[in-house]
Amino acid sequence: MVGLGMIFDETYRPFFEQVHRDGLFRRDFGLVEVDLAAVATRTGSRAAKYLSLAPKPFANLVGDDAAERLAQSVDVVCVATPDDRHFAPAKAALAAGKHVLIEKPSVLSLAELDELQALAEKHGVLAKVVYHKLLDPDHKKLRTHVVEGNLKHVNNGYCSLLEPKSISMGQFAEWLSGRNPGTYVACHYTKLIDFSFGPDWKLARVGATGQRGLVGKADGSTWDSTQLQVTYTHPDGREAVFDIHTSWVTPDNFPGYVDQEVQFRFDNGVWAAHQRKRGVELTIEDRSPGEFKYTPNYHYNGTFVEPWGDRSQRGYGVEVIRRFFEEIAYVEHGATGDRDARLKAMRALRYNDLSADRNCVAIVQALEAILAEHAAGRPGSLAIVNGPHGGLVLEHAGSADRCVLYAPAV
Ligand SMILES: NC(=O)c1ccc[n+]([C@@H]2O[C@H](COP(=O)([O-])OP(=O)(O)OC[C@H]3O[C@@H](n4cnc5c(N)ncnc54)[C@H](O)[C@@H]3O)[C@@H](O)[C@H]2O)c1
């Protein structure tokens, strides 16, 4: 495990503890043992704290070469460092011939994606990315309606994900400088859109803007909020446009921890969902909304006392990590076919394979470049995808200048 922060606590830790207790079993690969063997972090302090609670000891590696040393000593590497620090540990792991799971967004540029994909190919291992919202039951049902032809031809949509100030000003304060909430969370929705309504369409354009002044300077490069607009072209030539709004500056006493909303409009229907308001409301005197939110979401990750007395922690955030380990167990220990065939089958899964993350990485790379231009005093750039001048090209507002971000086709 590289990085031991919030997402480790919410999803990886419960998975590792469950799998340590119960093993990983499926009839097609039998019983497979999965152990948290080593952890690489910046300071080692959170790992030291967890060592005293963990069901089994693990190596606590620190230092600049910790991720490389870790890659030598394990079979599988999970990367959960801040998003601009995913590439180096993922590359070290793949270069050592190890399967890799990377938190979203996988990497911040198509050149990095190419490099990781080539290493995974060369060493015959899986390179996958976690977009756990694809496993949210509401989003599974949305996709089911699309696959079954009930919802036809998406035309436009709006998604938003708003995080509290405690995230930007507390939890992430150490690495937030120069970063933006769009890269951090808009990618959940770019993946939902790209996966649910693709792959037979083409990414066409990416635009973005944002606001500053709360977590950083009003003219600086650290963003409070971003608004991203992504345009696709359907095979019939009609366009579909999606607006994705994100921020990490909502008040800490907001009724729910994270506000999340999606709306998609089709030729024959509308899907509108609010992921925070799932129907449960709770108030506890003197403890809401600080400790216990008024509108809790237990679908992602809830801690429960089961009717039979056990304590558990589960939800789609944990389910997606288990599924990744099942895919590896199938490749390495599956009873049917040969390893190459099993590897090919797992790589063909578009929901999490790095090879199917090209549009999402292109969108993130465009967003980062547009915001950098904006911070440098040139707002309003637009990224054109697979146009006459290259795969990903930034056109600057009011100027004939352009900047090729990625020359080959996206
Ligand atoms: N899937 C989701 O919904 C979701 C939710 C939260 C975070 N995430 C992703 O998980 C990743 C981590 O987020 P988080 O919330 O856990 O952040 P965090 O700030 O809570 O934790 C980051 C961890 O990475 C470690 N770290 C930082 N730089 C490092 C380096 N160079 N080498 C090794 N370790 C390093 C820190 O010591 C810390 O343990 C991000 O990519 C984020 O986008 C995903």
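Predicted model: local features only at pLDDT ≥ 70, side-chain atom pairs only at ≥ 80, totals over all residues.
Which residues in α6 meet Leu192, Ser196 and Phe197 in α8?

The protein chain contains 11 helices and 18 strands. Its C-alpha atoms fill a box of roughly 60 × 60 × 50 Å, taken along the principal axes. Buried residues account for 41% of the 410 residues. Contacts were also examined by separation along the sequence. Of those between residues at least 6 apart in sequence, 62% join residues at least 24 apart.

Attention then turned to the two helices named at the outset. Helix α6 spans residues 137–147 and helix α8 spans residues 181–197. Their axes lie 10 Å apart, and the helices pack at an angle of about 30°. Because angles under 35 degrees count as roughly parallel, α6 and α8 are described as roughly parallel to each other. The crossing of the two helices is right-handed.

The residues that form this contact answer the opening question. On the α6 side they are His139, Leu142, Arg143 and Val146, which meet Leu192, Ser196 and Phe197 in α8. Classified by residue type, the contact of α6 with α8 comprises 4 nonpolar, 2 polar and 1 charged residues.

Conventions. Residues numbered from 1 in each chain as written. Helix = DSSP H or I, 4+ residues; strand = E, 2+ residues; numbered from the N terminus. Buried ≥ 20, exposed ≤ 12 C-beta atoms within 10 Å, placed from the backbone. Contact = placed C-beta atoms within 7 Å. Axes fitted to C-alpha atoms, helices over the stretch in contact; angles between N-to-C directions. Parallel < 35°, antiparallel > 145°, perpendicular 65-115°, else oblique. Left-handed = near helix turned anticlockwise from the far one by under 90°. Nonpolar A, V, L, I, M, F, W, Y, C, P; charged D, E, K, R; others polar.
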